[in-house]
Amino acid sequence: MSSASQIAPELKILVSQSVKLLGVAIQEVYGKSLYQEIEALRLSMKKVRGEKSDVVYKSLENVYKNLKGRKTEDLHKIAKGFALMLELINSCEAAFRVHKLEDVTIESNKSPYSLVYVFTSHPTEARSRAFLEVMSKVENLLSQSLHQGFESIAEELLFLLKIAVRIDLANNKRPQVKDEAFQIFHTILDDAILNEQIRLRKKGIDVFFRTWVGGDKDGHPKVGPDTMIQSMNLSRGRLIKFMLDKLSESEKEIRHLLDQKKLLAELSKFKLKLKTLNKVLTHDGVKVHKVKVEFEKLLKLADKEKLLSPALTDIQELMWLYPALVLPLEIREDSELIHEALKKPQMTIARMLKLLGRISTGMAPKWYVRGFVISMCESSDDILAAVKLTQLHLKKFIIPVVPLFENEAGLKNGVQILEESFKKFNFQTEHTKQWGGRFEVMLGYSDSSKENGVLSARLLVQEALYDLDKFLQKKKMVPVFFHGSGGSISRGGGSVKEQIAWWPQSALNIYKVTVQGEMVQRSFHRNLIMRSQIKKIVDEFNHYQPKTTHKSQIMEKFSSMTQKEYRDLVTNKEFQHLVEVATPYNFLNLLKIGSRPTKRNQTGTFSLRAIPWILCWTQTRLLLPIWWGTGTSWSLLSGKEKEEMRKAYDSSPLLQSYIKNLGFTFAKMEMGVWEFQLLHSSLTSEEKNHWKKTFQDEYQRSLNFFAELTGNKSFTWFRPWLGESIFFRSSMIHPISVIQKISLERRDAVLLRETVTGIACGMLTTG
């Protein structure tokens, strides 16, 4: 690391003070002896920061020898001590981030037509609700300290840290769909976030929220009509409470005026009407419409009396943002099951559509469900089946049907599928009449990445984007691209700027993305952080430069080569066996990371699911899907072809974005940790040596690719402070990795969950 620190002195001091206080909490709760052991282990881990893999491996072996005979209770405490330190560092960084954003404003003459965030509960880790609540309070205190000094919060922070030391980090009971909805809505429908959404709306920036939770049937046995209602009721409750608080605020102010008894009576009457909507029931649309009519009367009277308060206009804007006074769902089902549901009305997706018809009576169903997404859409018949199912149960084609192209076949054939669909059904007329000509297509990042590797998947998505954009504009339609990204880099995430750098203009005109798992908490738990995210998109929109897909023979060749290398690996039976015995992949069903099954049941086959696939490579610190195959592919290029690749890198936003993500990945990788996991597996000595050499060789070739293409020695030259942050925390994850290996040997599910969550806390840095 460079001697010149890139991390702000204020942040370094905050981390130092907070971690010292955590040490005090650990000592008080666990006792002096265990605290000293944890502290000695922490100091020994500092010595292996940035060291080569063999040094890291030897260090982990020493830790393993010291811990393998320890009581499970002690291992829990040691793992928790390190996990808490890592999460506390995350909280310090988040507090400092908010502190830096206090003056952030969005000043622009232009903004996208709309920005749409679809929140989903697919996590890459799962901190318990109790732990999240305590750490949220911790972060608030840390923010306060940046204004008032650390001493002002030290006593209360110590108290909260002592509580955090005592509670479980991970969920030890599988959450239900309603629990996931509660957690997401607790964040995104918080008063501060709703007020920010309204404030942006008043500035002419329309930010809409949607959710999968409760409607994402695809592969989820516990999603159905009941979860739809649960989700809607949870959001309805939070929105009604927000409005009632605004009304009480306005009422309190107006009571000072003795001549406003009529206005106060209307306010009181409307509050009672609003409370009748506390549950979403049959014909809910009719009831909501009546309440909105009453609100219009209240607005007119307030306006007439020159007492149209900001609180009332806030409610007016909220009703525009949430017309049915619920957080709208996006429902999804597999294409095969959609076909089947046409013949079997008792199937879940059919019953969900029937329920939508009943509750939305009196309003447009789209205010409750914004789209019907067809998972694994591979033909025009899939799209038409969804249209027919919608017509069958909603009486007409009244919510948009959204094809999801998520594998290579779908992405490559998307235009052809739409072309055939448009010939068989008059989408142009229907979409123009109902939705202003907007036609939506969802693009899947996770599945394309797990099947093809990240670089090939990005190129597939990019080509599909531009080809679909051209097709839809030729049809006089307004393209809406729904990006299934927003989590880890392996699943399509990353910084906003790097994600959108290679999109066409239409993808920014209407910006729509998923926000997954822990990124909901990270990006939307503070209004200033949310505002900064919106600002980045608005800024990019205003400075957009026309792009092409930068198709080049060399990029296509290189992509095909990396795709082949990646596929050859993941379809190799020996490699699949390696995954099963040297990673936590086969044990992920023991985790309580979400209501959705971790893996689909496929007896006798190696099941490749996006969430556990990415999770296991994050846990083992190898992050394989992002880089595998790049080294070998680069080494097989001629000198002339390498020069052509450098030219492509200079001109291709997509390749530049990928290379930054690759550098970020290399910064977070620890080959020594992976080798520790590998050499403690049940493979034979010959197999271990083979795979150790295979991975070391490809890793070195990939490092050469990165260095020779970019000319940079630093992995994070584009964001130096990020590299330094990763450097300081990386070795602090090592003890948790060792304890995870012991948990797998003991088949201790509770300890495994704690270590998975702890490692995830350490790997959370996204910049």
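Rings of Phe, Tyr and Trp (for Trp, the six-membered ring) are counted as a pair if their centres lie within 6.5 Å; planes under 30 degrees apart are called stacked, those over 60 edge-to-face, and the rest tilted. By this criterion the structure holds 39 aromatic pairs. The model is predicted, and local features need pLDDT of at least 70, side-chain atom pairs count only at pLDDT 80 or more, and totals for chains, interfaces and linings use all residues. Residues are numbered from 1 along each chain as its sequence is written, and side-chain values use heavy atoms, with hydrogens and water left out.

One of the aromatic pairs joins Tyr117 and Phe524: the ring centres are 5.0 Å apart and the planes stand at 70°, so the pair is edge-to-face. Tyr117 belongs to strand β1 (residues 114–120) and Phe524 to helix α22 (residues 518–524), so the pair ties together parts that are 407 residues apart in sequence. Helices (H or I, at least four residues) and strands (E, at least two) are DSSP runs, numbered from the N terminus. Both Tyr117 and Phe524 are buried, a term that denotes under 20% relative accessible area, with exposed over 50% and partly exposed in between (1.4 Å probe, protein chains only).

Another pair is formed by Phe666 and Phe706, whose ring centres are 6.0 Å apart with planes at 85°, so this pair is also edge-to-face. Phe666 lies in helix α30 (residues 653–668) and Phe706 in helix α32 (residues 685–710), so parts that are 40 residues apart in sequence are tied together. Phe666 and Phe706 are buried.

Strand β3 (residues 329–334) is mostly covered, with six of its six residues buried. Leu329, Ile331 and Glu333 point one way from β3, whereas Glu330, Arg332 and Asp334 point the other way. β3 pairs with strand β4 (residues 369–375) in the parallel sense over six bridges; pairing requires that DSSP find at least two bridges between two strands. Within this arrangement, Glu330 stands opposite Gly371 in β4. The charged end of Arg332 sits over the ring of Trp212, 4.7 Å from its centre.

Terms used
Lys NZ or Arg CZ within 6 Å of the ring centre and 35° of its normal.
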